[in-house]
Amino acid sequence: MSAVWTYFTISEKNPRMAICKACNKNISRGGSSAKTFSTSGLLYHLKSKHPDSEFDKKATPKRKIHARSPTPAAADVFDMIKSEPKMDSQFRIGFIGAGNMAFGIAKGILSGCVLPTNVKVSAPSLRNLGRFQELNITTSHSNTEVVCTSDVIFVAVKPHLVPIVLNEISQHVTDKHTIVSVAAGVTLATLEELLPQGSCVIRLMPNLPCVVLEGALLFARGTNAKQEHGALLCSLLQHCGLVEEGPEAWIDVHTGLSGSGVAFVYLFAEALADGAVKMGMPSALAQRIASQTVLGAGHLLRDSNKHPAQLRSEVCTPGGTTICGLHALEQGGVRASTITAVESATERARELGRKSAAPGSRK
């Protein structure tokens, strides 16, 4: 177990979160399952918030954590932190594109230690820039200006615009930049082909709930993006919601599951409310109750660490209302339709990737 865990405990409500013993802040511990973890975000929290702290070295987390590497000495923890790239209030963040994804990510970043004056957003029109200005973020119509004044640049434009934007900014990208693309379907290979050789590129897929800091984000590192670049991104995005790292093959699946999946949930919530209206409930009240039902069910699913089937069985009673309703859903093919919906959205993301593939040589 890494010595960094001497400074944190595992949340009993949500095992995917760690609690800092000094400030009681919840930090996403990453990892692809309940039995694995990533300490990158924890290290950055210690570095940025408690650089000189001395906590109880004998404390241990409340549940067993499986680690692959030997346990380093506790005294070495801050040596590991110091080896990471520095992130402080002067860190500069740029956004090319001012849509919902950019806005949600910007809100999450500002919830950390980055100052609004060190964030800049560019867009061709004023239509979406007003809400960024309300956050005291500097706005511009120049993509080049954003690149030249930023350390990390989020490319948050439509997939078909990515080649145009990257061709525009490419001559200004240096090895000091980290380019993070949130464009659906645009592969790391395509991004690296459009940028100067050796560029640090990360592919990120967020979803709409980032705007309320409840997103689900998955990223994959490119050829030249090192572990510390991924750790930096985790630290920047930790307030946006759940942040995970995985192989690029999972990104398109995540698009179908969570990017598009948000709309699937909205459709189901709409249908729930319509069902109540059909049975006599006023529409406005039905929508409020449907939204709270989805919200509460999601919180319980996330925080209980139980499989959805287990929670579903806990609601059902023999011969009761729920099992009758579930039977009707199964007759309507809701399970198969949902699986097919995720599959179709994933395949569409892959198709977008093939269409956006850029031929030609590296610069």
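Student: How many disulfides does the count come to by the rule?

Tutor: This is a predicted model, in which local features need pLDDT of at least 70 and side-chain atom pairs count only at pLDDT 80 or more, while totals for chains, interfaces and linings use all residues. Residues are numbered from 1 along each chain as its sequence is written, and side-chain values use heavy atoms, with hydrogens and water left out. A disulfide is a pair of cysteine sulfur atoms within 2.5 Å, and by this rule the count is zero.

Student: Why does Cys200 count as buried?

Tutor: Buried means under 20% relative accessible area, exposed over 50%, and partly exposed in between, with a 1.4 Å probe and protein chains only. Cys200 has 6% relative accessibility and therefore counts as buried.

Student: What makes Gln238 buried?

Tutor: Its relative accessible area is 17%, so Gln238 is buried. Gln238 is placed in the loop between helix 8 (227-237) and strand 11 (241-245). Helices (H or I, at least four residues) and strands (E, at least two) are DSSP runs, numbered from the N terminus.

Student: What is Gln238 in contact with, leaving aside its neighbours within four places in sequence?

Tutor: Contact means heavy atoms within 4.5 Å, and Gln238 is in contact with Ile27 and Val243 once those neighbours are left aside.

Student: Why is helix 8 described as mostly covered?

Tutor: Nine of the eleven residues of helix 8 are buried; among them are His229, Cys234 and Ser235.

Student: Why are helix 9 and helix 10 called roughly parallel?

Tutor: Angles under 35 degrees count as roughly parallel, over 145 as roughly antiparallel, 65 to 115 as roughly perpendicular, and the rest as oblique. The axes of helix 9 (residues 249-259) and helix 10 come within 5 Å and cross at roughly 20°. The two helices are therefore roughly parallel to each other.

Student: What makes helix 10 oblique to helix 11?

Tutor: The axes of helix 10 (residues 261-278) and helix 11 (residues 283-304) come within 8 Å and cross at roughly 135°. That angle makes helix 10 oblique to helix 11. Residues of helix 10 including Val265 and Leu272 meet residues of helix 11 including Ala286 and Val294.

Notes. Axes fitted to C-alpha atoms, helices over the stretch in contact; angles between N-to-C directions.
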